[in-house]
Amino acid sequence: MPSSFKRQVMGQPLAQVDNPDPFAVPVWRSPVYQTPHAVIWTVQLVRVIWRLLWFIVRHPLLDAGCALLVFTYLRLGWVGLVALAAFIAVDVALVYLLWPEWFARHVVQAARDQWRQWFYRRRWQAAMTLAGLAPTYRGRVLVPLLVSVQAARAVDLVTVRLVTGQAPDAFADRTANLAHAFGAQLCRIRDAGPGAVTLEFVRSDTLADLLPALPVDPAVNLGALSVGRCEDGSPWLLRLLGSHVLIAGATGSGKGSVIWSAVRAMLPAILGGWAQVWALDPKRMELSFGRDLFTRYADQAADMVRLLEDAVTEMHERAGRFAGATRTFTPSIAFPFLVVLVDELAFLTAYQPDRDLRKRAEAAIATLTSQGRSVGVCVVGALQDPRKDVISLRNLFPTRIALRLDESDQVDMVLGDGARDRGALADQISPLPETGAGVGYVRLEGSPHVVRVRAAYVTDDDIRVMAGVAAYRRELDQDGEPWTE
């Protein structure tokens with residue numbers, strides 16, 4: 001037993017801390033073990049060598065470039081390096097001139113992505129921690145993994161791998177925090193698969209400027225009509241064939257821009273006779289400019305209901321004709337693609353004082369939206385108030401567009417639950433016509449994601465020109481003269 005007190009202790013000898021008070025409780029220093037310097041330098045050298053080897057293995061192109069520079073310098077000196085730099089510059093210029101699309105995609109875009117990824121990585125850990133998105137597990141702080149960054153002109157798509165047990169809703173509740181943390185105007189959330197989300201950071205408003213009417217494309221694709229521009233600069237393609245479209249927006253939000261841009265995109269099909277537009281114009285102000293573009297036009301309540309019922313009759317006749325013969329509708333002159341365009345849908349479904357007309361209109365619209373897609377009938381409806389007591393059929397419209405709305409609750413009414421939390425801030429669109437008219441959010445069928453878009457502005461003169469061309473075409477058809485575009 002006494003021998004244990006005589007055991008030698010390695011390290012700094014135990015000693016009492018100096019204290020002038022003789023009655024104080026003794027305080028002892030813990031032993032300190034000194035690691036030999038040779039061991040420390042050996043460990044650090046091994047770490048440096050390992051990291052260097054790992055970097056070389058992961059960056060073969062950089063290794064080859066450095067080897068080429070060293071070889072050139074050893075063989076030719078500084079003159080060789082200058083010649084090599086000039087040769088590379090000439091090659092890059094030739095690639096840019098001969099294959100500009102390839103250069104933009106694989107060189108410029110790749111460099112932009114790497115630059116933006118470095119920007120986000122530099123702030124990533126602090127932003128995740130302070131925003132409350134880095135949970136703690138067994139004393140460890142777990143930060144969501146930054147996977148990749150795709151940078152566009154004004155939008156960054158950041159793919160994030162979630163922490164185990166984390167849900168996308170956690171990020172949806174922190175969109176404002178994330179936008180401010182990374183200096184963006186807006187942050188939207190998209191699901192990117194199990195355990196991953198995509199953060200859409202909007203750096204600048206690319207839709208602030210008015211977009212003029214788009215040129216008419218002679219090749220009409222009814223499944224992808226170019227009616228405007230998306231926030232990332234790509235064309236906004238609106239699907240009419242096989243879908244129905246609901247446009248909701250307050251007064252002055254630009255519903256007419258969406259309607260007339262779609263009609264303008266269909267103009268060659270209308271002139272060719274394999275697409276028709278039946279227009280219902282309760283206000284008699286918006287669609288009356290282009291009456292010559294429409295096969296049928298109605299602006300009185302009874303006439304509008306009768307037109308809807310005629311569309312239902314046409315739909316049933318086509319269904320009987322196509323039954324057992326085909327499952328896919330192809331527009332033709334014999335069976336043209338039919339667009340039933342209703343400028344103010346609520347006038348027929350909620351504000352119509354005649355109860356009988358209101359019920360007939362609701363029944364006809366419900367029938368068209370539930371059965372018309374398969375036989376080439378599309379309903380395009382516009383309204384100002386998306387509340388359920390105004391329009392109870394909004395779930396029958398696969399494509400829904402939310403322009404500027406008066407209340408935040410109306411966003412989810414149009415685009416579905418959670419749309420506003422995912423970044424569809426339709427209630428915050430500018431009321432100024434030059435800035436906010438035609439700007440909105442689109443939700444496509446079968447997808448919870450929303451896309452910010454702006455429809456092109458079709459002026460009254462543009463509409464008159466289109467109507468004049470349609471009227472001239474109709475006169476030629478009546479006279480039996482040939483038509484050339």
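Aromatic pairs and ring contacts

In this predicted model, a cluster is formed by Phe 119, Tyr 120, Trp 124, Phe 182 and Phe 201, which are linked through ring pairs.

Biologist: How many aromatic pairs does a search of the whole structure find?

Modeller: The search of the whole structure gives 11 aromatic pairs.

Biologist: Why is the pair of Trp 115 and Trp 118 called stacked?

Modeller: The ring centres of Trp 115 and Trp 118 are 5.4 Å apart, which is within the 6.5 Å needed for a pair, and their planes meet at 25°, which is under 30 degrees, so the pair counts as stacked. Both residues belong to helix H3 (residues 100-130), where they are 3 residues apart, about one turn of the helix.

Biologist: What makes Trp 115 exposed, and how is Trp 118 classed?

Modeller: Trp 115 has a relative accessibility of 51%, and because exposed means over 50%, Trp 115 counts as exposed. Trp 118, with a relative accessible area of 46%, lies between the limits of 20% and 50% and is therefore partly exposed.

Biologist: How do you know whether the pair of Phe 119 and Tyr 120 is stacked or edge-to-face?

Modeller: Their rings are 5.2 Å apart centre to centre, with 80° between the planes, and because an angle over 60 degrees counts as edge-to-face, that is the class of this pair. Phe 119 and Tyr 120 are both buried.

Biologist: What makes Arg 116 a charge over the ring of Phe 119?

Modeller: Arg 116 lies over the face of Phe 119 at 4.5 Å from the ring centre, and this distance is within the 6 Å cut-off. The charged end of Arg 296 likewise sits over the ring of Trp 278, at 5.0 Å from its centre.

Technical notes:
Residues are numbered from 1 along each chain as its sequence is written. This is a predicted model: local features need pLDDT of at least 70, side-chain atom pairs count only at pLDDT 80 or more; totals for chains, interfaces and linings use all residues. Side-chain values use heavy atoms; hydrogens and water are left out. Rings of Phe, Tyr and Trp (its six-membered ring) pair if their centres lie within 6.5 Å; planes under 30 degrees apart count as stacked, over 60 as edge-to-face and the rest as tilted. Helices (H or I, at least four residues) and strands (E, at least two) are DSSP runs, numbered from the N terminus. Buried means under 20% relative accessible area, exposed over 50%, partly exposed in between (1.4 Å probe, protein chains only). A charge sits over a ring if NZ of Lys or CZ of Arg is within 6 Å of the ring centre and within 35 degrees of the ring normal.
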